[in-house]
Amino acid sequence: MPKPQLQAYATTFDEVKASATLVYGDAAPALAQARGTSATSLEFPLTLGPGSFDREGCGRLIASDVDLRTRCQALLAIKGYNQALLDISSGKSQEKTKSLISNAMKSAQTVLDLVPASVAVGLPVAAIGAAFGPIQIILGEALKAQDRETLLAILLKGKPQVKTAIEALRKDVNGLYKLQRAYAVQQLVRISNGMNSQLQLIVRRVEGAAPPTDPLAIGLYGALSEKFERVFSTPEPSVRSEYRIKNLRFNSQAPAAHVGPLGPAPVLDAAAIQLMDSQLGNAAEYVTSFKEVGTRYGASVQALAGFDALLTSWDQSFEALVTASQQVFATGGGTEQALQSLAVLKDQARAIRDILDNK
């Protein structure tokens, strides 16, 4: 095995796996909503032992969700496969290598067990699972190998299946994006409706009243107009146009006196204006929530984009490994290029951590 490409491939995968834990955990609430449940209903499976143990290294939130746990187990199976290649390359004992293969085989079996139970709302979990039947067979063959050369040869037979697994995980990112978007949209619509209900109360009260005449009421009305402008002066985060807060503006000029069939309209007094101020305060809280949801959604999309780039790098590093391993007389060059690529990968992974840590 060409060591520079093998090490670059294994390191790229490790960055992918670490970032996957963050990105998948971030998607858990959206998945729960897609099933009509709440993220608070997710519970660490008792069969795995106390949540604090986290024996599988998936993280409590991911282990609580069957769809996400399927992905974690898929990554664990590939990690075992990768480590077996590294162990063979570094000359470690065949017994230790087979122990890694055995663990990888268990993870592959867990993937196959979880896929039928997975709801897989809008996500190609079945496609991920489809890659692991052949991988499990190859791992089982590897456990029967009598020498290191045979063991390596059997593991290398799994290259097409690993490629299939990588492609399935890459396609999966688009499904996660759609779920995150639907999750944000539902929140934004709910918040917009709540905000508009408060603003409608204010508008109806203003439209049905005569201008204030009391000096105190006139002062309060002017302050209310200024507060309205402050609440809606800052643009919300970039979200789909149909879910933007409308560019509402409060008419700072008092309405003209209106005389209807029932006589003169009631005059806006201090009590009425103070009530409107309270309703505007409620609307302001909705505005804040709207902007927070938009910001969190933007962070999730950024993280998914970074994760997709990492998966692409993983795919490319695997292709480089396959190509190099087929060139049996190559000297194992490309070390400098591999190191440069790894530096970029680590920066990409760090960016994902920073985005979701600050979400």
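Both F13 and W314 are buried, where buried means under 20% relative accessible area, exposed over 50% and partly exposed in between (1.4 Å probe, protein chains only). Before going on, note that this is a predicted model, in which local features need pLDDT of at least 70, side-chain atom pairs count only at pLDDT 80 or more, and totals for chains, interfaces and linings use all residues. Residues are numbered from 1 along each chain as its sequence is written, and side-chain values use heavy atoms, with hydrogens and water left out.

**Aromatic pairs**

Rings of Phe, Tyr and Trp (its six-membered ring) pair if their centres lie within 6.5 Å; planes under 30 degrees apart count as stacked, over 60 as edge-to-face and the rest as tilted. By this rule there are 4 aromatic pairs. Here are two of them.

| Pair | Centre to centre | Angle between planes | Kind |
|---|---|---|---|
| F13 and W314 | 5.3 Å | 55° | tilted |
| Y24 and F307 | 5.8 Å | 80° | edge-to-face |

Which parts of the chain does the pair of F13 and W314 tie together? F13 sits in helix α1 (residues 3-34) and W314 in helix α10 (residues 270-325), so this pair joins parts that are 301 residues apart in sequence. Helices (H or I, at least four residues) and strands (E, at least two) are DSSP runs, numbered from the N terminus. Y24 has 2% relative accessibility, so Y24 counts as buried. F307 comes in at 1%, so F307 counts as buried too.

**Helix α3**

Now for α3, which has 25 residues (residues 66-90). The expected span of a helix is 1.5 Å times one less than its number of residues. For α3 that gives 36 Å, and its end C-alpha atoms are 36 Å apart, which agrees. This helix is mostly covered, with 21 of its 25 residues buried. At its start, a side-chain oxygen of D65 comes to within 2.9 Å of the backbone nitrogen of D67. After α3 comes G91, with a positive phi near 85°.

**The whole chain**

Stepping back, the protein chain has 11 helices and 2 strands. Along the sequence they follow the pattern α-α-α-α-α-α-α-α-α-β-β-α-α. Of the 359 residues in the protein chain, 47% are buried. Contact means heavy atoms within 4.5 Å. Among contacts in the protein chain between residues at least 6 apart in sequence, 82% join residues at least 24 apart.

Terms used
A polar contact is a pair of N or O atoms within 3.5 Å; within protein, one must be able to donate a hydrogen and the other to accept it, and residues adjacent in sequence count only if both atoms are side-chain atoms.
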